[in-house]
Amino acid sequence: MTTTSIARNSSRLRNLSPFISFTSYSLNNCRATSNQSRLFHDAPRRVQALLPLSYLFQDGRLGQSGVGHSHNFCRLRMLCTAVSSSNQSNSGSSGDSSGKGESSDGSQKAAENGKPVRGSPVSWMSFLLLLGTGAGLVYYYDREKKRHIEGISSASNAVKQGPSVGKAAIGGPFSLIDHNGKPVTEKDFLGRWSMLYFGFTHCPDICPEELQKLVAAIDKIKEKSGLKVVPVFISVDPERDTVEQVREYVKEFHPTLIGLTGNLEEIKKVARAYRVYYMKTQEEGSDYLVDHSIVMYLMDPEMEFVKFFGKNNDVDTLADGVINEIRKYKQVKA
């Protein structure tokens with residue numbers, strides 16, 4: 001039995017020797033075609049793990065015919081090729097990933113060596129550009145504002161210096177009696193500058209104050225410019241302001257002050273012509289007050305209205321205002 005077993009095993013080994021030769025040849029070809037040496041060092045173990053030895057045999061025996069050898073060899077070759085392609089794809093993917101990593105590392109190095117791809121939100125160039133734009137806008141706004149103001153000023157000056165379109169409807173004919181009892185009309189004042197004030201002799205405070213300011217301004221006008229202006233007082237209380245009452249009243253202020261009075265209709269007419277308001281108030285028998293306009297009217301030598309001056313003017317402003325108006329009048333007439 002022992003001799004028979006040895007002979008049988010020897011016969012099997014002889015039959016296995018061609019397969020071993022083919023296997024070695026295939027593995028050598030796999031090593032030659034692969035870029036990774038480690039793959040083919042591990043190839044025998046992988047083949048042994050994936051393909052048992054019994055797979056190479058038919059019914060537990062190695063194929064005896066050449067077809068069997070060829071068939072088993074093709075199986076082993078296909079297995080090695082599959083393993084090789086699988087490992088090559090893995091190595092390729094790892095190569096791609098390593099390539100991407102290298103490219104990213106390269107870009108990072110390039111970014112470190114050169115300028116950053118995306119800088120800070122506000123660079124020096126953009127800051128300077130913004131600053132220059134802001135300064136230009138401010139300069140443009142100031143220039144336009146000054147030009148606008150100059151335009152308004154020039155337009156207002158042109159309006160002031162231009163000829164008047166019309167005159168105020170103030171003034172008109174009248175017929176009154178002076179403090180000496182003589183009839184007086186507007187024609188008696190032609191050729192002279194005059195200032196008219198409407199009031200009444202029983203006025204407690206306002207009328208005396210305004211008349212004092214009027215006559216003081218008249219004297220100042222004469223001192224400054226040598227111009228003569230006639231002061232005129234017209235009563236709005238014809239019931240009490242008789243000729244005698246007016247005469248005594250005007251003596252208290254100035255020797256050149258002319259006092260005028262008249263009947264009720266004549267006073268109404270002259271007050272209407274000069275747009276003067278007056279009305280009795282707090283009437284208790286014969287004692288009453290008269291509410292009226294507090295205005296002085298400057299009349300030119302043709303008895304045309306020039307300008308009015310209110311209560312807010314003092315002696316100096318009143319005198320200067322009259323002088324300026326007379327000079328303007330002479331410039332226009334010249």
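Start by selecting F198, which lies in strand β5. Strands here are DSSP runs of E with at least two residues, helices are runs of H or I with at least four residues, and both are numbered from the N terminus. Before you move on, note that this is a predicted model, in which local features need pLDDT of at least 70, side-chain atom pairs count only at pLDDT 80 or more, and totals for chains, interfaces and linings use all residues. Residues are numbered from 1 along each chain as its sequence is written, and side-chain values use heavy atoms, with hydrogens and water left out.

**Stop 1**

Is F198 buried or exposed? F198 is buried, at a relative accessible area of 1%. Buried means under 20% relative accessible area, exposed means over 50%, and partly exposed is in between, using a 1.4 Å probe and protein chains only. Leaving aside neighbours within four places in sequence, show the residues in contact with F198: I234, V236, V270, Y274, V276, H292, S293, V295 and Y297. Contact means heavy atoms within 4.5 Å.

**Stop 2: across to Y274**

F198 and Y274 are 76 residues apart in sequence, and their C-alpha atoms are 9.6 Å apart in space. Not counting residues up to four places away in sequence, Y274 touches I170, G171, G172, F174, L196, F198, Y297, M299 and M303.

Y274 also belongs to the largest nonpolar core, a set of 55 residues. A nonpolar core is a set of buried Ala, Val, Leu, Ile, Met, Phe, Trp, Tyr and Cys residues joined through side-chain atoms within 4.5 Å. The members that touch the most other members are F189, M195, L260, Y274, Y297 and V322. Helix α6 gives this core its largest share, 7 residues. In soluble globular proteins, nonpolar side chains tend to be buried together.

**Stop 3**

From Y274, go to its contact M303. M303 sits in the loop between β10 (296-299) and β11 (305-309) and is buried, with a relative accessible area of 8%. Check its backbone too: phi of M303 is near 60°, a positive value in a residue other than glycine.

M303 is also touched by E186, along with G172, P173 and F174, not counting residues up to four places away in sequence. E186 is in the loop between β4 (183-185) and β5 (193-199). E186 is buried yet has no salt bridge, and the nearest side chain of opposite charge, K187, is 5.4 Å away. Here Lys and Arg count as positive and Asp and Glu as negative, while His and the chain ends are not counted. A salt bridge is a side-chain nitrogen of Lys or Arg within 4 Å of a carboxyl oxygen of Asp or Glu.

**Stop 4: two helices with a buried side**

Select helix α8, residues 264-273, and colour its buried residues I267, V270, A271 and A273. They cover an arc of only 160° around the axis, so they are on the same side of α8; the arc is that of the directions from the helix axis to the C-beta atoms. The face turned away from this buried side carries the exposed residues E265 and R272. In the loop between α8 and β8 (278-284) you will find R275, which has a positive phi of about 55° although it is not a glycine.

Helix α7, residues 243-251, is next, with V243, V246, Y249 and V250 buried. These cover an arc of only 130° around the axis, which puts them on the same side of α7. What covers them includes β3 (175-178), α6 (206-225), β6 (229-235) and β7 (258-261).

**Stop 5: charged pairs**

How many salt bridges are there? The count comes to 6. One of them joins D320 and K224, with the closest N and O atoms 2.8 Å apart. D320 lies in helix α9 (residues 315-333) and K224 in helix α6, so the pair ties together parts that are 96 residues apart in sequence. D320 is partly exposed at 32% relative accessibility, and K224 is partly exposed at 47%.

Next, show D237 and R240, whose side chains meet in a salt bridge (2.7 Å, N to O); both residues are buried. Finish with K280 and E239, a salt bridge whose closest N and O atoms are 2.6 Å apart. K280 is in strand β8 and E239 in the loop between β6 and α7, 41 residues apart.
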